[in-house]
Amino acid sequence: MYALVDVNNFYVSCEKIFNPKLEGKPVIILSNNDGCIISRSDEAKALGLKMAEPAFNKKQYLKENNVQVFSSNYALYGDISNRIIQVLKSFSPRIEIYSIDESFLELSDSEFVDLGKLGNEIKKRIQRYIGVHVSVGIGKTKALAKIANKIAKKEKQYNGVCILNSNRDIDCALRNTSIEDVWGIGRQYQKFLKYNEIFTAHDFLTINDNWIRKNLTVVSLRLKKELQGTSCIPLETILPAKKAIATTRGFGKIVTNVKHLKEAVSTYATRCSEKLRRQNSVANILTVFIHTDPFSNDKYHYLSKTIHLEVSTNSQMELVKFALKGLKKIYRNDLRYKKAGVIVSGLESANNIQKGLFNDTDIKADKLLSEATDYINRKYGRDKIKLAIQGDGKEWKLKQEMLSGKYTTQWSDIIKIKN
DNA sequence: TCTGGGGTCCTAGGACCC
DNA sequence: TCTGGGGTCCTAGGACCC
């Protein structure tokens, strides 16, 4: 059996831990640049605020209803997430960290025989140790655990814990689950399936395997098996190394000056190099892109350049150099830019780098330099040591007008809370 | 007039997830 | 004025090989 444990309204719940006055109030968290609504308290949901809704056209409504609004504070959410995972590990060593607020547990080795007791204990312990509410769904496969979790969250009488074990319960759950609520069925498939008169998870099980294989993909066929109770999406207990790493941001305001684009792009390349080193990878492909505002009336322009590197690297110097080279190729001085990004791919282990025959880059020196800057920046804060070209970000950095404190990760904010 | 069979690798695009 | 960011996987089609 698998359990899916998922934090209710995760980002909002994190803010509430350190700001108890938010309890009972409508609270929302905005995406980067304070753009869209990405987390809502129950009270905010009741006001009809929708997920992913742009916040700017709701400004008046938010004010009238006294909605508490926050910029997203990923340093805080990431730290709370890690603490929750530590608690979950006390229930089962077989754990898959599926996202920042969701984990799958395999329960075969659990000391609890009674699954209901287990679910309640998970909920209780996380509430007590961390201070957030979770929902627990338990089922024979990961897809069924997902469905159970959805029911636990939606139907009040379950009190946050739902177990799908007997055939009767599973059948009933599948009949009551709309096709769009099934894990792995997105917007397009939903439309297509409904057009073919498949409206519920139960309907989905009645269709022929070949039809699914032909009209959808093998992924959806796997999903069907999972819903039938045959586990075929394995638990991934080891976090697989990433195959691509991206750092992309919209700007706080429109950028026209190439100097500011250079600052942003070199900063994003720097972030990519840090992320590469963190997972001990090097990259041999780098893509840089810039684009104009897709929502403006002007013609939309997306410019990008992909560079294949002769020697794989995770060096800040190297990646910044190539990113700027790419930027130079695509930059046009007649456009108004809204966003830029750097993506590195072709990732491999940093332990065995294939050197170029005619390449004289001093890999060793680069490595020593990176280790030193990583150490200093970890200890004293991001970008304490940086390249001059990164600039100060004044002209392009994110808008984060309603950011809460780094209550658990920054000393000055920890002191604030203690007082 | 007639023109095989069996592969691999790469890429772009489209679907999905949180 | 103001609309997020970061990933994965699959498939079809084109190029190549013998």
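This is a predicted model: local features need pLDDT of at least 70, side-chain atom pairs count only at pLDDT 80 or more; totals for chains, interfaces and linings use all residues.

Visitor: Let's begin with Ser135. Why is Ser135 called buried?

Guide: Its relative accessible area is 1%. Buried means under 20%, so Ser135, at 1%, gets the label.

Visitor: And where does Ser135 sit?

Guide: In strand S7, which covers residues 134-139.

Visitor: What makes the link between Ser135 and Asn8 a polar contact?

Guide: The side chains of Ser135 and Asn8 come together at 2.7 Å. The cut-off for such a pair of N or O atoms is within 3.5 Å, so 2.7 Å passes.

Visitor: Which other residues does Ser135 touch?

Guide: Setting aside neighbours within four places in sequence, the contacts of Ser135 include Leu4, Val5, Asp6, Asn149, Ala152, Lys153 and Gly160. Asn8 is on that list too.

Visitor: What is around Asn149?

Guide: Asn149 belongs to helix H6. Leaving out residues up to four places away in sequence, Asn149 touches Leu4, Val5, Asp6, Ser135, Val136 and Gly137. Leu4, Val5 and Asp6 also turn up among the contacts of Ser135.

Visitor: What is phi for Asp383?

Guide: Near 65 degrees, again a positive value in a residue other than glycine. Asp383 lies in the loop between helix H14 (363-380) and helix H15 (411-418). Its relative accessible area is 15%, and buried means under 20%, so Asp383 is buried.

Visitor: Which elements build the lining of the second largest pocket?

Guide: Those giving two or more residues are strand S1 (2-7), helix H1 (10-17), strand S3 (37-40), helix H2 (42-46) and helix H6 (142-154). H6 has the largest share, with eight residues. Domain 1 (1-134) and domain 2 (166-240) each put in at least three residues.

Visitor: What kinds of residue line that pocket?

Guide: There are 15 nonpolar, 12 polar and 18 charged residues.

Visitor: What makes a space a cavity instead of a pocket?

Guide: A 1.4 Å probe fits in a cavity but cannot get out, whereas a pocket is open. Four cavities of 30 Å³ or more turn up here.

Visitor: How much space is in the largest cavity, and what lines it?

Guide: About 70 Å³. Its lining includes Val5, Val7, Ile84, Leu88 and Asp101. H4 gives the most, with four residues, and the lining divides into six nonpolar, three polar and two charged.

Visitor: What about the volume of the second largest cavity?

Guide: That one has about 40 Å³. Among the residues lining it are Thr270, Glu274, Arg277, Asp374 and Ile385. Helix H12 (258-278) and H14 each give two or more residues, and H12 gives the most, with four. By class, the lining has one nonpolar, five polar and three charged residues.

Visitor: Last one: how is chain A divided into domains?

Guide: The domain assignment gives domain 1 (1-134), domain 2 (166-240) and domain 3 (245-390). The C-alpha centres of domain 2 and domain 3 lie 39 Å apart.

Key
Residues are numbered from 1 along each chain as its sequence is written. Chains are lettered from A and ligands numbered from 1 in the order in which they are written. Side-chain values use heavy atoms; hydrogens and water are left out. Buried means under 20% relative accessible area, exposed over 50%, partly exposed in between (1.4 Å probe, protein chains only). A polar contact is a pair of N or O atoms within 3.5 Å; within protein, one must be able to donate a hydrogen and the other to accept it, and residues adjacent in sequence count only if both atoms are side-chain atoms. Contact means heavy atoms within 4.5 Å. Ala, Val, Leu, Ile, Met, Phe, Trp, Tyr, Cys and Pro count as nonpolar, Asp, Glu, Lys and Arg as charged, and the others, Gly among them, as polar. Domain bounds come from an automatic or database domain assignment. On a 1 Å grid over the protein atoms alone, a cavity is a set of points where a 1.4 Å probe fits but cannot get out, and a pocket is an open set with protein on both sides within 12 Å along at least five of seven lines; lining residues have an atom within 4 Å of a point. Grid points are joined across faces, edges and corners, and a volume is the space filled by probe spheres set on the points.
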